[in-house]
Amino acid sequence: RSVNTITFAPGGWLGDSTDGEGFLRSLRDAWGFRARGARVVMLGAGGAARAVAFALLDAGARELVVVNRTRARGAALVRALGGGRRARVQAPGTDADWADLLRGATLLVNATSLGMRGESSPVPASAMRAPLRVVDLVYHPPVTALLRAARRAGRPALNGAGMLVHQGALAFTSWTGRRAPVAAMRQALRRALREE
């Protein structure tokens, strides 16, 4: 798995990740989305992708397809997830491949940095059909080419700001034992992003 939060516990330090649960909470906030039974296509195989992938499968996602530029790294993530029928790696090359891969998918997640520097959408808008929802973990800029493509296709689309707020709130609670001020954190993030 991955670690982004360290707390002191009796007997030593405890490493945990709040990214996966923060991601799930952001989807519940935005759409009332639950992962149980979902068919997910995820771009990326790094630390954030690992946290999101484990969280989705732990929450009952039916299938997770990992798409990664380096197939071996994607396959390594699939092995870490336990492989089998619930997780596999695939490398779509054409618009038709993307359409086949996304047919019937519930959720598309970009867990790479692609989009932070204005790159074009890795997924064609023509491949994004109902019931697909699209999440880009990138939150700056707030609207990436992938999110623009999703909106052009009429699909619900969300950036990673909600995940950032919720994973931070979970870390705050781990460190302090107190309930995090989520609304204030969300407002502070919006203000900080406007000022950049």
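In which sense do β6 and strand β7 pair, and over how many bridges?

1. β6 and β7 (residues 133–136) pair in the parallel sense over four bridges; two strands count as paired if DSSP finds at least two bridges between them. Leu 108 has Val 134 of β7 as its bridge partner. Helices (H or I, at least four residues) and strands (E, at least two) are DSSP runs, numbered from the N terminus.

2. The model is predicted: local features need pLDDT of at least 70, side-chain atom pairs count only at pLDDT 80 or more, and totals for chains, interfaces and linings use all residues. Residues are numbered from 1 along each chain as its sequence is written, and side-chain values use heavy atoms, with hydrogens and water left out.

3. The open sheet comprises six strands in the order β5-β4-β3-β6-β7-β8, with parallel pairing. Its edge strands, β5 and β8 (157–158), each pair on one side only.

4. Helix α2 packs on the sheet and touches β3, β4, β5 and β6, contact meaning heavy atoms within 4.5 Å. The direction of α2 makes about 175° with that of β3 (axes are lines fitted to C-alpha atoms, for helices over the stretch in contact; angles run from 0 to 180 degrees between N-to-C directions). Helix α5 (residues 145–152) touches β6, β7 and β8, and its direction makes about 165° with that of β7.

5. The largest nonpolar core has 32 residues, and Phe 23, Met 42, Leu 56, Leu 64 and Leu 107 have the most contacts inside it. Such a core is a set of buried Ala, Val, Leu, Ile, Met, Phe, Trp, Tyr and Cys residues joined through side-chain atoms within 4.5 Å; buried means under 20% relative accessible area (1.4 Å probe, protein chains only). The largest share of this core, seven residues, comes from α2.

Notes: Buried < 20%, exposed > 50% of the residue type's maximum accessible area, 1.4 Å probe, protein only.
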